[in-house]
Amino acid sequence: MPKAEKGTPKDIANRMKAKGLQKLKFYCQMCSKQCRDENGFKCHMTSDSHLRQMKIFRDNAGGIMDSFSGEFEVAYMETLRRRHGTQRMNANNVYQEVIADKHHIHMNSTKWASLTDFVQYLGKKGLCVVEETERGWYVTYIERDPALLARQEALKKKTEADQKEEKHAAERREMLRMEAAKALDRAGGVVERVASEIGNREGGAQIEMKLGGLGSG
């Protein structure tokens, strides 16, 4: 079939289709080749280049699968760490972000048969906190970067110190307030007693006295 002329609607449609994700069953991980349909995939499977790659795989199947598994793990963990940090996330949502990359490592090329197997592996290895819920598996990234952990610990200590200082300051303010109130009560009692004595001596005349700018009559 002749190739569509560049710039024609068919050419543009073909290029747009090539940019997007296509069916997983038509992707060859060994050759990193995406075929558009079943016919194209069958042709690829019988090509010399594919047969050479399969011979390489046959001679070192375990090593190649371990390599693919390692690459997939790194891609998943980097996506989780960079985009979500230590936020609790639905494992499948993170997986969808990983496979949005057209050239991602496909899970069927790894040692894990399913996403559940992979998530359980992350939990056993201590890379994530994993939790199974009615809405599926959830993962929380466990931060292990020494520099970041040191910064977080320093921030935590500073926050605790600031809270402690604020608590002490509030306690001092309350103590001073109570002492001032007691001093005013004592001063008020003295003024009232003196005024009463003077009033008695003066034949009960009303006298007004002031203390520190406060009136008492």
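Author: Contact here means heavy atoms within 4.5 Å. This is a predicted model. Of the contacts in the protein with a separation of 6 or more, 44% are between residues 24 or more positions apart.

Reader: Which elements does the protein have, and in what order?

Author: The protein has seven helices and seven strands. From the N terminus on, they run α-β-β-α-α-α-β-α-α-β-β-α-β-β. Of its 217 residues, 24% count as buried.

Reader: How do I read the length of helix 4?

Author: Compare its span with the one expected at 1.5 Å a residue. Helix 4 has 24 residues and spans 34 Å from first C-alpha to last, close to the expected 34 Å. The residue that follows helix 4 is G85, with a positive phi near 60°.

Reader: Which residues of helix 4 are buried, and what covers them?

Author: The general idea comes from the helical repeat: an α-helix has 3.6 residues a turn, so residues three or four places apart point the same way. In helix 4 the buried residues are I64, F68, S69, F72, E73, Y76, M77, T79, L80 and H84. Their cover includes helix 3, helix 5 and helix 6, together with strand 3, strand 4 and strand 5.

Reader: How are helix 4 and helix 6 placed relative to each other?

Author: Take the crossing angle of the axes: 65 to 115 degrees counts as roughly perpendicular. The axes of helix 4 (residues 61–84) and helix 6 (residues 115–125) cross at roughly 75° and come within 12 Å. The two helices are therefore roughly perpendicular to each other.

Reader: Which residues make up that contact?

Author: From helix 4 come F72, E73, Y76 and M77; from helix 6, L115, F118, Y121, L122 and K125. Seven of the contact residues are nonpolar, none is polar and two are charged.

Reader: How do I read the sheet among the covering elements, with its strands in the order 3-5-4?

Author: Strands of a sheet pair through backbone hydrogen bonds, either parallel or antiparallel. Here three strands form an open sheet with antiparallel pairing. Strand 3 and strand 4 are the edge strands, each pairing on one side only. Strand 4 and strand 5 run antiparallel and are joined by six bridges. V130 stands opposite V139 in strand 5.

Reader: Which strands does helix 4 touch, and at what angle does helix 4 run to strand 5?

Author: Helix 4 packs on the sheet and touches strand 3, strand 4 and strand 5. Its direction makes about 70° with that of strand 5.

Technical notes: Residues are numbered from 1 along each chain as its sequence is written. This is a predicted model: local features need pLDDT of at least 70, side-chain atom pairs count only at pLDDT 80 or more; totals for chains, interfaces and linings use all residues. Side-chain values use heavy atoms; hydrogens and water are left out. Axes are lines fitted to C-alpha atoms, for helices over the stretch in contact, and angles run from 0 to 180 degrees between N-to-C directions. Helices (H or I, at least four residues) and strands (E, at least two) are DSSP runs, numbered from the N terminus. Angles under 35 degrees count as roughly parallel, over 145 as roughly antiparallel, 65 to 115 as roughly perpendicular and the rest as oblique. Ala, Val, Leu, Ile, Met, Phe, Trp, Tyr, Cys and Pro count as nonpolar, Asp, Glu, Lys and Arg as charged, and the others, Gly among them, as polar. The expected span of a helix is 1.5 Å times one less than its number of residues. Buried means under 20% relative accessible area, exposed over 50%, partly exposed in between (1.4 Å probe, protein chains only). Two strands pair if DSSP finds at least two bridges between them.
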